[in-house]
Amino acid sequence: MVMGASWGGLNAYSSILSSLPEDFPAAIMLVQHQNASADNRLAWLLSKYCRLPVVAPEDKERIRPGHVYVAPPGYHMLVNVDHTIALTIYRPVHFSRPSIDELFFSAGHVYGRQVLGVILTGANEDGSEGLDYIRRRGGRTLAQSPQSSEAPIMPEAAIAKGAVGEILDLERIGPYLAESLVGLRNEKTEHPGRR
Amino acid sequence: MNGDGVETETAISDDQVHLEDIEIRLLLEAIYQLYGYDFRSYSQASMRRRVMHRLTMSGFSTVLQMTDRVLRDRQFFVTLLNDLTVNVTEMYRDPEFYRAFREEVVPVLKTFPFIKIWHAGCATGEEIYSMAILLEEEGLYERAMLYATDIDKNVLAAAKKGIYPIHAFKQYADNYRRAGGRHSLSDYATARYDSVIMEQRLKRNIVFADHDLATDQVFGEMHVILCRNVLIYFDRTLQQRVFRLFDESLDMGGYLCLGTKESLRFSGDEDAFEVVNKPMRIFRKRQPRHNV
């Protein structure tokens, strides 16, 4: 599961993560636009709202179910086909590093229909192309409703692009994810994405 | 909810993605055979993003079509090369690293009669000038030799010039202060129009050379190797090769400095180094241990 947010993201993430159960079966990778000097503060903050372990990953760290990976400031976070994390400092995308598009494209590539992409509050258009790629790969796509977003531009851009399968108010997103991914536990194999 | 009159593009199947992966490998093989640049062991996810980005920009419909152009048009290849080699850097990137280097490595370097420093993957040179300034402030520059290498001759030429946009320089000045700089960064550069040029004296003891970590050999008897945020672009096999190369290029007790998200864990060579500063990824080559 991949999520992206910009302006207002801390609120949105703490709301969503706090409603996930400790046996949540999927790996969660998230991007929050932030200043490059912020270091690991976000991962530390979010860990206070979340029953799952929150990780500020190293390059090539293995992606494990039930863990939350927060893209480190100043790096793009991608997924390798061997289910490890790739960090890069390639030039910013949509003025952002980490960029949501970078994560979404690579997750769409590796996980195909087994990925769920969530676009949240934000004040630029990062993420909509990547979310559309996830949709075209057969993955599920979700947007925070613009009226429940502190900054509606990001979800609006994704919706306008036709990338979004479902639109939910912020307080519904966490419970929705918890419910809809519970079934996954039975279907799921050791290595999601591998056929 | 898809649609709403919006023209949506077609689905992308696993087969299509698989085919793209094959075409990307063929492209990298072609580049290696014709131009000698070896990206075949680069980290897959970032290579794919860079290639697909260039594909979208260039308007070709498949990677294979683009490969044909790459093979026949050197200029087009240079454009792609620019995408593939990651040239994003800044002066005093991770100021805390330079502070740690000053506090924990410099005191040891001061006991050496001369110092050889290898900066592997120096890109456009911002970090090599950062180090040159730091050494000058510590009174070490006169006895230091800095070897700045990169795979890409174009960025080496830029590194040699040491000219940077003035808007970026303001950020660098802030990094410099946080890195424990003793003066003002503008003391080391001259502004000209909307650029700054690094002082000539900083270049006296810097040797710029092209070197490919994927194919080239040992770079002898270094006291310090800086290779920050280069290994993240390599796969594990290539990483292991490079760690061996570094191990062989370092003097006993020499320092290895990596990027703050990089790890020796997958190097297969972890025991050869002791940790000097973990968060800043500063390591030191151990004395050889005697077999018992």
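Buried residues, meaning those with 20 or more other C-beta atoms within 10 Å of their own, where C-beta atoms are placed from the backbone, make up 55% of the 195 residues in chain A. This is a predicted model, in which local features need pLDDT of at least 70 and side-chain atom pairs count only at pLDDT 80 or more, whereas totals for chains, interfaces and linings use all residues. Residues are numbered from 1 along each chain as its sequence is written, and chains are lettered from A in the order in which they are written.

**Confidence**

The model scores ipTM 0.87 and pTM 0.90. For chain B, the mean pLDDT (the predictor's confidence in each residue, from 0 to 100) is 91, and 95% of the residues of chain B reach 70 or more. Over residues 1-7 of chain B, however, the pLDDT is below 50, and this stretch has 11 contacts in the model beyond near neighbours in sequence; two residues are in contact if their C-beta atoms, placed from the backbone, lie within 7 Å.

**Fold of chain A**

Chain A has 7 helices and 9 strands, which are DSSP runs (H or I, at least four residues, for helices; E, at least two, for strands) numbered from the N terminus. The radius of gyration of chain A, taken over C-alpha atoms, is 15 Å, close to the 16 Å from the globule rule for 195 residues, so chain A is as compact as a globular protein of that length; the rule is 2.2 Å times the number of residues to the power 0.38. The C-alpha trace of chain A spans about 35 × 35 × 30 Å along its principal axes. Of the contacts in chain A between residues at least 6 apart in sequence, 70% join residues at least 24 apart.

Seven strands of chain A form an open sheet in the order β3-β4-β2-β1-β7-β8-β9, with parallel pairing, where two strands pair if DSSP finds at least two bridges between them. Because β3 (54-55) and β9 of chain A each have a single partner strand, they stand at the edges, and one side of each is left without a neighbour in the sheet. Within this sheet, β7(A) and β8(A) pair in the parallel sense over 4 bridges, and Leu116(A) stands opposite Arg140(A) in β8(A).

Helix α5 (residues 153-160) of chain A has the buried residues Met154(A), Pro155(A), Ala157(A), Ala158(A) and Ile159(A). These buried residues of α5(A) pack against the elements tabulated here.

| Element of chain A | Residues |
|---|---|
| β7(A) | 116-119 |
| α4(A) | 128-136 |
| β8(A) | 140-144 |

The packing of α5(A) also includes β9 of chain A. The helix α5(A) lies across β7, β8 and β9 of chain A and runs at about 140° to β8(A), with axes fitted to C-alpha atoms, for helices over the stretch in contact, and angles running from 0 to 180 degrees between N-to-C directions. Following α5(A) is Gly162(A), whose phi is positive, near 80°.

**Interface and chain B**

Between the chains, 29 residues of chain A are in contact with 27 residues of chain B. On the side of chain A that touches chain B, β5 (76-79), β6 (85-88), α3 (100-111) and β9 (166-168) each supply at least two residues, and α3(A) gives the most, with 4 residues.

In chain B, Met145(B) is found in strand β2 (residues 144-150). Not counting residues up to four places away in sequence, Met145(B) touches Lys116(B), Asn205(B) and Val207(B).

Methods
Buried ≥ 20, exposed ≤ 12 C-beta atoms within 10 Å, placed from the backbone.
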